[in-house]
Amino acid sequence: MGDIVTKESFDWLFSDPKILKASKIICRLMDDIVSHKFEQERGHVASSIECYMKQYGVTEEETIEEFRKQIVNAWKDINEEFLFPTSVPMPILLRILNLARVIDVLYKSEDGYTHAEGVLKDFVSSLLIDPVL
């Protein structure tokens, strides 16, 4: 990113700013919501779904509902961060936003990363093979 990324930018990033926390919440929870059953079938360790259910004594449906609320709130935090001026260059903020956007596309309704032959394949095809002119 050339001269855009400075020591101050890294210092800001390592301070775990609100926009970064929100992006991480979106990434982790959206992935776990759509992929935890498949991962359990493959013998993976407990996801945040199982941990939350055990910790709070709630059902899977209640856990997913709570996680969806947290995801909505994380998007609100990201939007709020873009409303107010910051000393961090916009291209850096856009990288964080774009990560959350990609995760939203990949994990909106299914695990598009693990099962790329579905929705993700259609998105890539429409972008590269059949673009809207």
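Mentor: Start with a term. A helix here is a DSSP run of H or I with at least four residues, and helices are numbered from the N terminus. Ser48 sits in helix H3 by that rule. Keep in mind that the model is predicted.

Take Ser48 as the entry point. Its side chain makes a polar contact of 2.4 Å with the side chain of Asp32. Setting aside neighbours within four places in sequence, Ser48 is in contact with Leu29, Asp32 and Phe67.

Now the rings. How many aromatic pairs does the structure hold? There are 3. One of them joins Tyr52 and Tyr56, with centres 4.5 Å apart and 40 degrees between the planes. That pair is tilted, because planes under 30 degrees apart would count as stacked and planes over 60 as edge-to-face. Tyr52 and Tyr56 lie 4 residues apart in helix H3, which covers residues 48-56, so about one helical turn separates them.

Their exposure needs one cut-off. Under 20% relative accessible area counts as buried. Tyr52 has 19%, so Tyr52 is buried. Tyr56 has 49% and is therefore partly exposed.

Tyr52 and Phe67 form an edge-to-face pair, 5.3 Å centre to centre, with 70 degrees between the planes. Phe67 has a relative accessible area of 4%, so Phe67 is buried.

Nonpolar side chains tend to be buried together in soluble globular proteins. The largest nonpolar core in this model has 25 residues, and Trp12, Ile26 and Ile78 touch the most other members. Helices H2 (18-41), H3, H4 and H5 (90-107) each give two or more residues to this core. Look at Ile78. Leaving out residues up to four places away in sequence, Ile78 touches Ile19, Ala22, Ser23, Ile26, Leu97 and Ala100. Ile26 is also among the residues that touch the most other core members.

How values were computed:
Residues are numbered from 1 along each chain as its sequence is written. This is a predicted model: local features need pLDDT of at least 70, side-chain atom pairs count only at pLDDT 80 or more; totals for chains, interfaces and linings use all residues. Side-chain values use heavy atoms; hydrogens and water are left out. Rings of Phe, Tyr and Trp (its six-membered ring) pair if their centres lie within 6.5 Å; planes under 30 degrees apart count as stacked, over 60 as edge-to-face and the rest as tilted. Buried means under 20% relative accessible area, exposed over 50%, partly exposed in between (1.4 Å probe, protein chains only). A nonpolar core is a set of buried Ala, Val, Leu, Ile, Met, Phe, Trp, Tyr and Cys residues joined through side-chain atoms within 4.5 Å. Contact means heavy atoms within 4.5 Å. A polar contact is a pair of N or O atoms within 3.5 Å; within protein, one must be able to donate a hydrogen and the other to accept it, and residues adjacent in sequence count only if both atoms are side-chain atoms.
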